[in-house]
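I opened this model to look up its fold and its helix packing. My entries follow.

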Amino acid sequence: MQGIITLILILSPMLVGFALPASKTMVAKSNMALNYLVYLILIVIGIELGLVDDLLQKVGDIAKYLGVLIALSIGTGSLALMAFDRLSATKTTHHRTHASTPKVSLHGSLVQLVCLGLGFLMAKFLPPELLPPPKTTTVLLMLLLFLVGISLKGSGVGLKQALIDKRGLQISAIFMLCTTASGAVFALVFDDVSPYQGLALASGYGWYSLSGTIMTDAYGAVWGSVALLNDLAREVLALIFIPWVMRYSPSAAIGLGGVTSLDFTLPTILQSGGTHIMPTVISFGFITNVVSPILMVFFSSF
């Protein structure tokens, strides 16, 4: 029952934001606030990480967990979608020139890591009374999902449009099933990880600000950091490898971006795959954005 209450509490703001009438001004302000809120959430997660006892002794474990989780969560979904394209005999032709090749920029990811480090330093040097109170991450998460709902509505994406594209539905189903299932494999590798925890960690799909917050609340700052860095790694790897993967498997290239295929990695996907794949990308991005928080909250409630 507590899990259901938590799920409703977390998702209600996104549904409210999506239901509100969208205006260009509201959407623009929402997107701007969303960018700053992500930075604030990263700082708060960094603070909670800095408050962890014996963190230096746990760095090795974090690196070990992170490496395996990245390999499983990103590799499993990508390989499954490559196989799907082979079996469905997808034919694509790409006409690319040097001018149309997307420029890779990691500036945003570096800024996010700086915010995480800034929060860590604040935890070490600020007095306790100046640090955020308990449940701050939960409040920020609800505000984040509210702004995400407004942003989704303002992008012109509707439920009918998102669910009507057959290819998008197929890619979404395969991606979510295989990526989430990789969390069960992760739990088999490590004795101290429960199956539900593994499934929760693998369900972020690249939404680092959300997964970091939910996993921190559920399992502590160490696991929150593992989830955050795993999903941040997906964003960075997607930005670098989408143009190359697109030549061999459009479905895998779209899936590589996860939830970011609707925003951060969208320009790279369109530049390397062409505008004709836009309906599929919209469908995939919308579905994964809606399902990801549901799965993370559901699995982490056990």
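**Overall fold**

I read along the sequence and found the pattern α-α-α-α-α-α-α-α-α-α-α-α-α. The count comes to 13 helices and 0 strands. Helices here are DSSP runs of H or I with at least four residues, strands are runs of E with at least two, and both are numbered from the N terminus.

I noted the ground rules. This is a predicted model, so local features need pLDDT of at least 70 and side-chain atom pairs count only at pLDDT 80 or more, while totals for chains, interfaces and linings use all residues. Residues are numbered from 1 along each chain as its sequence is written, and side-chain values use heavy atoms, with hydrogens and water left out.

I checked burial next. Of the 302 residues, 50% count as buried (under 20% relative accessible area, 1.4 Å probe, protein chains only). I also looked at contacts, meaning heavy atoms within 4.5 Å. Among contacts with a separation of 6 or more, 82% come from residues 24 or more positions apart.

**H2 against H5**

I took H2 (residues 24-50) and H5 (residues 136-154). Their axes come within 9 Å and cross at roughly 155°. Axes are lines fitted to C-alpha atoms over the stretch in contact, and angles run from 0 to 180 degrees between N-to-C directions. The two helices are therefore roughly antiparallel (over 145 degrees; under 35 is roughly parallel, 65 to 115 roughly perpendicular, the rest oblique). H2 passes H5 in a left-handed crossing, meaning the near helix is turned anticlockwise from the far one by less than a right angle.

I listed who meets whom. Residues of H2 including Leu34, Leu37, Ile41 and Glu48 meet residues of H5 including Leu140, Leu144 and Leu147. The residues of this contact divide into 15 nonpolar, 6 polar and 1 charged. Nonpolar covers Ala, Val, Leu, Ile, Met, Phe, Trp, Tyr, Cys and Pro; charged covers Asp, Glu, Lys and Arg; the others, Gly among them, are polar.

**H2 against H10**

I moved on to H10 (residues 221-246). H2 and H10 pack at about 140°, with axes 9 Å apart. That makes H2 oblique to H10. The crossing of H2 past H10 is left-handed. From H2, Leu42, Ile45, Glu48 and Leu49 meet Ala221, Val222, Ser225 and Leu228 of H10. I sorted these residues into 6 nonpolar, 1 polar and 1 charged.

**H7**

Last, I looked at H7. Its 24 residues (166-189) reach 35 Å from first C-alpha to last, close to the 34 Å expected (1.5 Å times one less than the number of residues). Buried residues in H7 include Gly168, Ile171, Phe175 and Phe186.
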